[in-house]
Amino acid sequence: MGRRALILASWRVMDLEGSAWRVKAIRFRSPPIGPGDGDQPDRRSGGVVRCWSFVGKGSNMPNLTRGLALVLFLSALLLPPSAEALAEAAVVEKTVTISGARNSPVHRLATEILKVAYARIGYQLTVEFLPTRRSLIAANAGSYDGEVGRISGVDREFSNLIPVPTPISSIEVVAFARKPSKYIRTWEDLKGLRVGIVRGELYAERRKDQFHATLVDNYVQLFEVLLNDRVDVVVGIKLDAQITIARQFADQGIRQSGALLYASPLFHLLRRENSALLSKLDGALTRMRDSGEYQVLQKAAALRLVSLD
């Protein structure tokens with residue numbers, strides 16, 4: 001997790017409720033000596049900016065002369081920065097960066113919910129989208145603070161990730177074909193068929209020994225191998241498949257083939273080092289789900305996704 005601090009860019013004498021006054025200042029230090037607590041790099045000077053605070057009390061604030069103010073200002077420059085002054089002078093924005101599956105509408109929709117949930121507990125969320133399986137590997141390796149969301153049990157294989165208990169979304173898995181010749185009701189119906197699946201979608205990877213599997217990195221590639229007759233059928237998340245078909249393969253004759261094969265909630269994943277966030281984040285997600293905010297955010301995001309060229 002990263003932090004960004006915005007330091008005051010000027011100094012002034014302030015009247016606080018008529019009973020307290022304060023002088024704040026910044027100083028540019030050049031050549032650079034390496035930022036410390038409270039220091040910020042300054043692009044103009046090549047040095048750093050440091051904030052000090054000098055505090056006093058009294059009712060004579062309006063009568064302070066310019067000379068006295070100048071003396072206080074110069075005195076403030078000689079004082080080391082206190083924790084109190086730094087806390088007051090800086091506006092801190094905490095950030096969390098997670099990975100997600102590229103070209104996955106489900107992950108895009110879940111991201112909208114997560115951004116709001118993280119904001120509710122005081123964090124700004126950034127998501128970097130990668131190929132589906134690489135997203136999990138990178139988050140588990142510590143390159144990110146977590147991962148958008150996966151089905152239950154993923155932490156058994158990726159042990160550095162822990163699921164947040166409240167689901168952020170859910171998935172339904174079905175088969176698609178261009179010329180359905182067989183109604184797919186169960187995974188058993190896929191035996192003997194050439195089946196395309198997305199690498200990293202664990203519900204399918206765990207069953208790939210039951211059929212002749214072709215693995216691809218995303219849903220665009222999934223339907224391309226179907227159209228190129230490299231597979232007989234593809235299996236994927238219904239929402240991801242439908243949005244991808246609507247946006248890029250609308251006139252290609254691709255149809256759902258059969259009934260629901262699998263359904264599961266999705267759980268947001270945090271790196272174990274960030275487990276202190278789990279309880280607060282889970283509480284925020286629970287309140288959003290129970291209030292109906294989930295559905296509002298998802299519907300709005302889905303409309304945006306479908307309307308994209």
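The model is predicted. Thr 166 lies in a loop between two strands, β9 and β10, and its side chain makes polar contacts with the side chains of Asp 282 and Thr 286. A search of the whole structure finds one cavity of 30 Å³ or more.

**Thr 166: position and burial**

- The loop that holds Thr 166 runs between β9 (161-163) and β10 (169-177).
- Thr 166 counts as buried because its relative accessibility is 5%, where the cut-off for buried is under 20%.

**Thr 166: contacts**

- The side chains of Thr 166 and Asp 282 are joined by a polar contact of 2.6 Å.
- A polar contact with the side chain of Thr 286, at 2.8 Å, also involves the side chain of Thr 166.
- Leaving aside residues up to four places away in sequence, Thr 166 touches Phe 267, Asp 282, Leu 285, Thr 286, Arg 289 and Tyr 294.

- The largest cavity is lined by 15 residues, of which Gly 149, Arg 150, Glu 201, Ile 237 and Leu 266 are the closest to its centre.
- At least two lining residues come from each of β8 (146-150) and α6 (202-205).
- The lining of the largest cavity comprises seven nonpolar, five polar and three charged residues.

Conventions:
Residues are numbered from 1 along each chain as its sequence is written. This is a predicted model: local features need pLDDT of at least 70, side-chain atom pairs count only at pLDDT 80 or more; totals for chains, interfaces and linings use all residues. Side-chain values use heavy atoms; hydrogens and water are left out. Helices (H or I, at least four residues) and strands (E, at least two) are DSSP runs, numbered from the N terminus. Buried means under 20% relative accessible area, exposed over 50%, partly exposed in between (1.4 Å probe, protein chains only). A polar contact is a pair of N or O atoms within 3.5 Å; within protein, one must be able to donate a hydrogen and the other to accept it, and residues adjacent in sequence count only if both atoms are side-chain atoms. Contact means heavy atoms within 4.5 Å. On a 1 Å grid over the protein atoms alone, a cavity is a set of points where a 1.4 Å probe fits but cannot get out, and a pocket is an open set with protein on both sides within 12 Å along at least five of seven lines; lining residues have an atom within 4 Å of a point. Grid points are joined across faces, edges and corners, and a volume is the space filled by probe spheres set on the points. Ala, Val, Leu, Ile, Met, Phe, Trp, Tyr, Cys and Pro count as nonpolar, Asp, Glu, Lys and Arg as charged, and the others, Gly among them, as polar.
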